[in-house]
Amino acid sequence: MLDGVMLLWFILTGLSVLFVAIDIWRTPEANSLRWGFIILTIFSGPLGAFFYVLGCREPLPGTHEHYVSPTWKQVLGSTMHCASGDGLGIILGAAIAFYVTMPSAIDIGLEYALGFGFGWLFFQAFAMRDMAGGDYMKSLKMTFIPEFLSMNVLMAGMLVVSKFWMPAVDEAANPSSPAFWFIMSMSLIAGFICAYPMNWWLVTRHIKHGMMTVRADPGSNHAGHDMPASRHDDAHAGHAMQHRPPRATIAMMSGLSVLILAAAVAIVVALA
């Protein structure tokens, strides 16, 4: 039964990745979000393609700004960006843990470190450094809190699904097994669902960006030069991110995210 489900899933995933990887370059979106959708679709299959079409794909030329403006689509872009970057690191950590025997707690720590490190240092701070005027160190500072809150909740959802399901399926912890990739894909989808409410809070409080519109600058002499559309320009995004909630509120939400992750870790370790 599971083998048949996995085969169908991988076929649909292959077709979905092919569609998104080809089509997304016609959508006036930031490159980091384009790659995010491709990575997300690799692990979420037809759901990733569905999210792309429903939440980002420009239906008619010149309509992208309006199409991605609803809050739920902005949050979709924010959550997708987190899930693709952090999720890739977490899955890499799980793969490494199979080949390097280690206690469960250290395994979880490795997955968290790789997930947070890749998501924050590269997928957030490096890819979005234009929002900080090209200053990478400033971008690291701007993106730490949103990455931390989102990562904690995403990791909690992924842990609960992957650590309980894998022991029930033969060879599921082995990265050379199709079951490993299927279960990690399902866990990433679960993590995405868990992280969506937190990203809603982050986006609506101007702490994190969502979807963006990037169009070619007609006045530029450099091929491939992008100019953000007026509604989602870097200056506006940077200005909005300065109007954050009080530090006490951010600290409270940070504590909540840590408690959610700690609860997931405690459950997984206790029942392992």
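Modeller: Let us start with a cysteine. The sulfur of Cys 82 lies 11 Å from the closest cysteine sulfur, in Cys 194, which is too far for a bond. This is a predicted model, in which local features need pLDDT of at least 70 and side-chain atom pairs count only at pLDDT 80 or more, while totals for chains, interfaces and linings use all residues. Residues are numbered from 1 along each chain as its sequence is written, and side-chain values use heavy atoms, with hydrogens and water left out.

Biologist: How many disulfides does the rule count?

Modeller: A disulfide is a covalent bond between the sulfur atoms of two cysteines. The rule asks for a pair of cysteine sulfur atoms within 2.5 Å, and the count comes to 0 disulfides. For Cys 56, the closest cysteine sulfur is that of Cys 82, and a distance of 17 Å is too far for a bond.

Biologist: Is Cys 56 buried or exposed?

Modeller: That is read from relative accessible area: under 20% is buried, over 50% is exposed, and anything in between is partly exposed (1.4 Å probe, protein chains only). Cys 56 has 0% and counts as buried. Cys 82, with 1%, also counts as buried.

Biologist: What does the largest nonpolar core contain?

Modeller: In soluble globular proteins, nonpolar side chains tend to be buried together. A nonpolar core here is a set of buried Ala, Val, Leu, Ile, Met, Phe, Trp, Tyr and Cys residues joined through side-chain atoms within 4.5 Å. The largest one has 57 residues, and Phe 37 and Leu 154 have the most contacts inside it. Among the elements that give two or more residues to this core are α3 (46-55), α5 (71-99) and α10 (247-270). Its largest share, 10 residues, comes from α8. These names refer to DSSP runs numbered from the N terminus, with helices (H or I) of at least four residues and strands (E) of at least two.

Biologist: Which residues is Leu 154 in contact with?

Modeller: Contact means heavy atoms within 4.5 Å. Leaving aside neighbours within four places in sequence, the partners of Leu 154 include Cys 82, Ile 90, Leu 188 and Phe 192. Another core lies apart from the largest one; it has 8 residues, among them Leu 149, Met 198, Leu 202 and Ile 250.

Biologist: Where is Thr 41, and is it buried or exposed?

Modeller: Thr 41 is in helix α2 (residues 31-44). At 0% relative accessibility, Thr 41 is buried. Beyond neighbours within four places in sequence, Thr 41 is in contact with residues including Thr 13, Val 17 and Gly 48.

Biologist: Which residues form a nonpolar patch on the surface?

Modeller: Patches use residues with over 30% relative accessible area and no salt bridge; like charges are joined within 9 Å, and nonpolar side chains (Val, Leu, Ile, Met, Phe, Trp, Tyr) within 5 Å. Leu 7, Leu 8, Ile 11, Leu 12 and Leu 15 make up this patch, with about 480 Å² of accessible area together. The areas come from the Shrake-Rupley method with a 1.4 Å probe, and for residues only the protein chains shown count as cover. Leu 8 sits in helix α1 (residues 2-23).

Biologist: How many salt bridges does a search of the whole structure find?

Modeller: A salt bridge is a side-chain nitrogen of Lys or Arg within 4 Å of a carboxyl oxygen of Asp or Glu. The search finds 6. One of them joins Glu 65 and Arg 215, at 2.8 Å from N to O. Glu 65 is in helix α4 (residues 64-67) and Arg 215 in strand β1 (residues 214-216), so this pair ties together parts that are 150 residues apart in sequence. Glu 65 is buried at 17%, whereas Arg 215 is partly exposed at 24%.

Biologist: Which parts does the pair of Glu 111 and Lys 163 tie together?

Modeller: The side chains of Glu 111 and Lys 163 meet in a salt bridge of 2.8 Å, N to O. Glu 111 belongs to helix α6 (residues 104-126) and Lys 163 to helix α7 (residues 136-165), so the parts tied together are 52 residues apart in sequence. Glu 111 is buried, with 2% relative accessible area.

Biologist: Which residues are linked in a network of salt bridges?

Modeller: Asp 23, Arg 26 and Arg 57 are. Between Arg 26 and Asp 23, the closest N and O atoms are 3.9 Å apart. Arg 26 is partly exposed at 39%, while Asp 23 is buried at 10%.

Biologist: What is the phi of Glu 171?

Modeller: Glu 171 has a positive phi of about 65°, although it is not a glycine. Glu 171 lies in the loop between α7 and α8 and is exposed, at 53% relative accessibility. His 206 has a positive phi too, near 60°, and is in the loop between α8 and β1.
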